[in-house]
Amino acid sequence: EPVIIYGFDFIGKEIYHAIKKQVNVLFILDREHDNECYDNTAIYSLDNECINYITDKYGKIKLIISILSDEKNILRDTKNRINNIEYTSIYTVLAECRIKKDNEFRELKNKRTLSLLENILQNRKTELKYIVLVGTAYTELLSLLYLGDVKNTLFIMERYIAPEVNETMVQMNMYCLYEKTPVEYYDLTYVIADYARRYNIPVYGHDHMRLSRAFINNKIKVIEDGLANYDFKYSQNYNCYLDNGRQYFPFGYDEIVEKVVLTEQFDIPEQLLKKVEIIQPSKLWDELSYEKKIFMANIFGFPYEEVRERIKNKKCIILLTEPTISDGEKIKSCDEQIKMYRSILSNYSSSNIMIKPHPADIIDYSVYFKDKFILNRYFPIQMLDWFGLPVDRYIVMKESSCCNIFKGKYNVDIYDGEKLIGE
């Protein structure tokens, strides 16, 4: 596959090394260099007579421009000089190379997603219906409820969602693109976003992730993430800037966003009143068939049948833990956390106590509470409520948003550290 790179700068060199083993780089073009050589590849200026001698041997040749500040003028001048070039974005070529050499999808047996991505790169029409950008299990659950049929939906997921969730979705033959490291698929998201605009495929989910940047011009239909959607200060303080230098206001507040899907767990901010759509997740859940509920429970590893059996005919208490990490930094030590929960649980005589770790709580509670049933940390806590399990009491910490979920429906004990402050 013949390719010409325009620009012998730092970015141009990085692109060259990223793609040289997967494509045929004919030569590098640059204003300041002519008849030079880099890594056994020729560098020419546009005036060099050798250019047409080389390019006339090929049909279409892909042109990559690394100097984005003058992209339009470079493309015009190069087309005037070389008739058979075809402009290709940096992101497209890098993404094509990634798909050719990356074994991740094959290792996960994610053949359906791999086939979709290959079709997107070739600009072929596909069965793709929706794209969902998510960084939390909660928003993923809301998107599943809101969209209904997600058979032909591509989920692009940040690493903050547990890898076990992604692996389960892959086994269920769902379209998934899951980043293991920060901005791992940044290049590929630009190609997918361009494809979505071309074929009018709507995009839902988070607009504050780095992986969301590529989709800003797709007018993301924002789905609730949490408190940040209900208070403009979080958007103002996020310091999100686009490539053109404009500040972007995430969590649905930016002017380019036309729809924000919220659950009304707090008052709707004035800035969102004209574009908000209110949904009732519990009502949408109740409308699902039992099979569909179990399907969603399985995605997040919620052991409904096992929990139901353990609760049957027994009073059950569930302790909901706090995060131990925030933005990758520890906010509480393991010893502090364990000491606090041992003290709290000493106030209860029930033999049927379960512990549900917070998704950002990395402690293995099975080591410290061998006589307690430990639920996995990955499933959204709302499932405990929506399945209608007869839980006798929830124990929560005062900072927890779970108070809003369970208060008024169940007995809820609220703690500030080891001190009970409310029921």
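Let's start with Ser235, which is buried, with a relative accessible area of 0%. Keep in mind that this is a predicted model. Where does Ser235 lie? Ser235 sits in helix H10, residues 232–236. Why do we call Ser235 buried? Buried means under 20% relative accessible area, and Ser235 has 0%, so Ser235 falls in that class.

Who are the neighbours? Leaving out residues up to four places away in sequence, Ser235 touches Phe249, Pro250, Phe251 and Tyr253.

Tyr53 is in helix H2, residues 50–55. Buried or exposed? Tyr53 has 61% relative accessibility, and exposed means over 50%, so Tyr53 counts as exposed. Here is a distance to look at on the screen. Tyr53 and Glu140 are 87 residues apart along the chain, and their C-alpha atoms are separated by 54 Å.

Let's step back to the whole protein. There are 423 residues, and buried ones make up 52% of them. The C-alpha trace spans about 90 × 45 × 40 Å along its principal axes. The protein has 17 helices and 23 strands. What about contacts along the chain? Take contacts between residues at least 6 apart in sequence: 57% of them join residues at least 24 apart.

Next, the sheet. Strands of a sheet pair through backbone hydrogen bonds, either parallel or antiparallel. Which sense do we have here? The pairing is parallel, and 7 strands form an open sheet. Read the order across: S9-S8-S7-S10-S11-S14-S15. At the edges are strand S9, residues 175–178, and strand S15, residues 276–278, and each pairs on one side only. From one strand to the next, the twist averages 20°.

Zoom in on one pair.

Helix H7, residues 137–147, lies across S7, S8, S10, S11, S14 and S15. Its direction is about 160° to S7. Glu140, from our distance to Tyr53, falls within the residue range of H7. Helix H8, residues 163–171, lies across S8 and S9, at about 150° to S9.

Strand S21, residues 393–397, pairs with strand S22, residues 411–416, in the parallel sense over 5 bridges. In that pair, Arg393 stands opposite Asn411. S22 also has another partner, strand S23, residues 419–422. How do S22 and S23 run? They run antiparallel, joined by 3 bridges. Ile414 stands opposite Gly422 in S23. S22 and S23 form a hairpin, with 2 residues between them. In the turn, Gly417 has a positive phi of about 65°.

Positive phi turns up in two asparagines as well. Asn35 is not a glycine, yet its phi is positive, about 55°. Asn35 is in the loop between strand S2, residues 24–29, and strand S3, residues 36–38. With a relative accessible area of 56%, Asn35 is exposed. Asn123 is not a glycine either, and its phi is about 60°. Where is Asn123? Look in the loop between H6 and S7. At 33% relative accessibility, Asn123 counts as partly exposed, because that value lies between the 20% and 50% limits.

Last stop, empty space. Rolling a probe the size of a water molecule over the atoms shows where empty space is left. The second largest pocket holds about 1,100 Å³ of space. How many residues line the second largest pocket? There are 37, and the closest to its centre are Tyr87, Ser89, Ile90, Tyr91 and Tyr190. Several elements give two or more residues to the lining: helix H1 (10–19), strand S6 (85–87), helix H4 (90–101), helix H6 (111–121) and helix H9 (186–198). Which element gives the most? That is H9, with 7 residues.

Note on methods
Residues numbered from 1 in each chain as written. Predicted model: local features only at pLDDT ≥ 70, side-chain atom pairs only at ≥ 80, totals over all residues. Heavy atoms only, no water. Pairing = 2+ DSSP bridges. Helix = DSSP H or I, 4+ residues; strand = E, 2+ residues; numbered from the N terminus. Axes fitted to C-alpha atoms, helices over the stretch in contact; angles between N-to-C directions. Contact = heavy atoms within 4.5 Å. Buried < 20%, exposed > 50% of the residue type's maximum accessible area, 1.4 Å probe, protein only. 1 Å grid on protein atoms, 1.4 Å probe; cavity = no way out; pocket = protein on both sides within 12 Å on 5 of 7 lines; lining within 4 Å. Points joined across faces, edges and corners; volume = space filled by probe spheres on them.
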